[in-house]
Amino acid sequence: MLIRFAVKNFRGFAERIEWDLSHPSNYEFSPHAIKNGIIKNGIIYGPNGSGKTNFGLALFDIVYHLTQNFKKSDYLRYYTFGGDPNGIVHFEYTFKFGSQIVEYQYAKNAMGTLVEESLSSNGKRAFKRGLDSLSLDEQQFPINSEAKKNLQSNANNISIVNYLFTSYPLANDHYLILLQNFVNSMLWFRCLQVNEYIGLENSITLLDEFIIKEGLIEDFTQFLLNVSGQSFEFVPPTPTDKFLMCKYATGTVAFDDIASTGTRSLQLLYYWLKKMGKASFVFIDEFDAYYHFKLAVEVCRQLFALDCQVFTSSHNTHLMTNDLLRPDCNFILQNNKIKPLQACTEKELRFGHNIEKIYRADAFHVE
């Protein structure tokens, strides 16, 4: 699980901003939001322009860095903070895999080129690489002098993690295997004007075709009815059909032609819900942009019932309720800081409190 993340000089974040998931409070309600002492579910709020989208993108830089599961073509545009366009972007990740704490840090220039990298497991450093230097724990990873010299110069700027992962036989529970498995299973997505995603998959899928091919029409019909109250009657498809068709007394019409923007957003969510069984960490940017506020609550309940870590960003303060999450799982991102609600007020927050009302009264301050 991810337990801590920090970034500096990325897009709108001039100063270092840190997100700590390793210290939940001792609330007794909504226990599903905490797993093994780590915050498992949460929602990030903040004013327009506070950096919610950029924070999610920064968090998923490790997917761009270590995998091929990346589908956001404009990601490197405006990569660094605008006030320091030639500066270095620093990323810090801390993961917990069972009893192993893995700390991974790296830095890149404005072109996304790796310039620094280090990794430790349970406080023991495996390697640290600078522009022209490399220190490596050769007890863990024996390496000949020529290979070490090449890694020090590293003209092709490969990640040391990827090199070690592919160069040594490793046990299933080795921290590099666990790290790679986790990162390969991370997922970021949103549905605004276009559907965008990062991680988990490395191919483009047509949603209608996926539902037809997997034999999920009845399941999808029930999903729409359960979460949104909408009832559709779909035409039984042939094996070669690629589009869902809806049946009416006067004939048939393509689902895409009659579905609202919110319903198409639900279709995208349905697709990813079917994939999230193998996800490790999910971040959905503005997941409820086209949802009615009651629909957003129902969607959250489905998302937070998953076994993996799931976080979203939102402007919908109706979700800021102790019936859904807890104060330590609702975060405010503002002024280059991200903090849970209970850290933004001196008031003791209890289950019976209307925290949305408290938020709207401007009682939470990120300082």
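In which sense do strand E13 and strand E14 pair, and over how many bridges? Strand E13 (residues 245–248) and strand E14 (residues 251–254) pair in the antiparallel sense over four bridges. The model is a predicted one.

- Within the pair, lysine 247 stands opposite threonine 252 in E14.

**Helices H7 and H10**
- Two packed helices are described by the angle between their axes and the distance between the axes.
- For helix H7 (residues 217–228) and helix H10 (residues 293–304), the axes come within 9 Å and cross at roughly 120 degrees.
- H7 is therefore oblique to H10.
- On the H7 side, the contact involves Phe223, Asn226, Val227 and Ser228, which meet Leu295, Glu298 and Gln302 in H10.
- By type, the residues of this contact of H7 with H10 divide into three nonpolar, three polar and one charged.

**Cysteines**
- The structure holds zero disulfides, a term that requires two cysteine sulfur atoms within 2.5 Å.
- For cysteine 300, the closest cysteine sulfur is in cysteine 329, and because the sulfurs are 12 Å apart, they are too far for a bond.
- Cysteine 300 has 0% relative accessibility, so the residue counts as buried.
- For cysteine 308, the closest cysteine sulfur is that of cysteine 300, at 14 Å, which is too far for a bond.
- Cysteine 308 is buried as well, with a relative accessible area of 7%.

Note on methods:
Residues are numbered from 1 along each chain as its sequence is written. This is a predicted model: local features need pLDDT of at least 70, side-chain atom pairs count only at pLDDT 80 or more; totals for chains, interfaces and linings use all residues. Side-chain values use heavy atoms; hydrogens and water are left out. Buried means under 20% relative accessible area, exposed over 50%, partly exposed in between (1.4 Å probe, protein chains only). Two strands pair if DSSP finds at least two bridges between them. Helices (H or I, at least four residues) and strands (E, at least two) are DSSP runs, numbered from the N terminus. Axes are lines fitted to C-alpha atoms, for helices over the stretch in contact, and angles run from 0 to 180 degrees between N-to-C directions. Angles under 35 degrees count as roughly parallel, over 145 as roughly antiparallel, 65 to 115 as roughly perpendicular and the rest as oblique. Contact means heavy atoms within 4.5 Å. Ala, Val, Leu, Ile, Met, Phe, Trp, Tyr, Cys and Pro count as nonpolar, Asp, Glu, Lys and Arg as charged, and the others, Gly among them, as polar.
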